Amino acid sequence: MCARALVRDAAVEQGLDDDGAWSLTLATSEAVSNAILHGTPCGEQGILLRLLPWNDGLWVEVCDCGGFDAAPLPPGPEAPHGRGIPIIAAVVDHFEVVP
């Protein structure tokens, strides 16, 4: 099962409405894509996706073992990458990046 389906199903189980489930699914898809494209797998475990019930919602954690530039430059209009983190921050209630 893909990350989007796991998060969508967990969001529904937690009682998130359609908009909340869609936003969390989008954010997770962006975070997992970012970890795959720009991160480093953690040995045989690869990329970690953790879903936990949290208050009236769902906590989603995506982890890889790569490094991180804490202040990435915004992408130019023609750049093929660089919009994932701003998208995530725009659609979730709480977002943090921990190097």
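Helix Packing and a Hairpin

Visitor: Is the crossing of α1 and α2 left-handed or right-handed?
Guide: The handedness is read here from a predicted model. In this model, the crossing of helix α1 with helix α2 is right-handed.

Visitor: How are the directions of α1 and α2 related, roughly parallel or roughly antiparallel?
Guide: The axes of α1 (residues 3–13) and α2 come within 9 Å, and they cross at roughly 150°. An angle over 145 degrees falls in the antiparallel class. The relation of α1 to α2 is therefore roughly antiparallel.

Visitor: Which residues of α2 meet α1, and how many charged residues does the contact have?
Guide: From α2, the residues Ala21, Leu24, Thr25, Thr28, Ser29 and Val32 meet Ala3, Arg4, Val7, Arg8 and Ala11 of α1. By class, this contact of α1 with α2 has 6 nonpolar and 3 polar residues, and the number of charged residues is 2.

Visitor: How are the directions of α2 and α3 related, roughly perpendicular or roughly antiparallel?
Guide: Helix α2 (residues 18–38) packs with helix α3 (residues 84–91) at an angle of about 155°, the axes lying 9 Å apart. The direction of α2 relative to α3 is therefore roughly antiparallel.

Visitor: Is the crossing of α2 and α3 left-handed or right-handed, and how many nonpolar residues does their contact have?
Guide: The crossing of α2 and α3 is left-handed. In α2, Ser23, Leu26, Ala27, Glu30, Ala31 and Asn34 meet Gly84, Ile85, Ile87, Ile88 and Val91 of α3. By class, the contact of α2 with α3 has 3 polar residues and 1 charged residue, and the count of nonpolar residues is 7.

Visitor: How many bridges join strand β1 to strand β2, and what is the bridge partner of leucine 52 in β2?
Guide: Strand β1 (residues 48–54) and strand β2 (residues 57–63) run antiparallel and are joined by 7 bridges. Among the pairings, tryptophan 54 has glycine 57 as its bridge partner in β2. For leucine 52, the bridge partner in β2 is tryptophan 59.

Visitor: Which residue in the hairpin of β1 and β2 takes a positive phi?
Guide: The hairpin has 2 residues between the strands. The residue with a positive phi, near 50°, is asparagine 55.

Visitor: Which residue forms a salt bridge with arginine 50?
Guide: The count of salt bridges comes to 1. In this pair, the closest N and O atoms of glutamate 61 and arginine 50 are 3.4 Å apart. The pair links distant parts of the chain, 11 residues apart, with arginine 50 in strand β1 and its partner in strand β2. That partner is glutamate 61.

Definitions and conventions
Residues numbered from 1 in each chain as written. Predicted model: local features only at pLDDT ≥ 70, side-chain atom pairs only at ≥ 80, totals over all residues. Heavy atoms only, no water. Pairing = 2+ DSSP bridges. Helix = DSSP H or I, 4+ residues; strand = E, 2+ residues; numbered from the N terminus. Axes fitted to C-alpha atoms, helices over the stretch in contact; angles between N-to-C directions. Parallel < 35°, antiparallel > 145°, perpendicular 65-115°, else oblique. Left-handed = near helix turned anticlockwise from the far one by under 90°. Contact = heavy atoms within 4.5 Å. Nonpolar A, V, L, I, M, F, W, Y, C, P; charged D, E, K, R; others polar. Salt bridge = Lys/Arg side-chain N within 4 Å of Asp/Glu carboxyl O.
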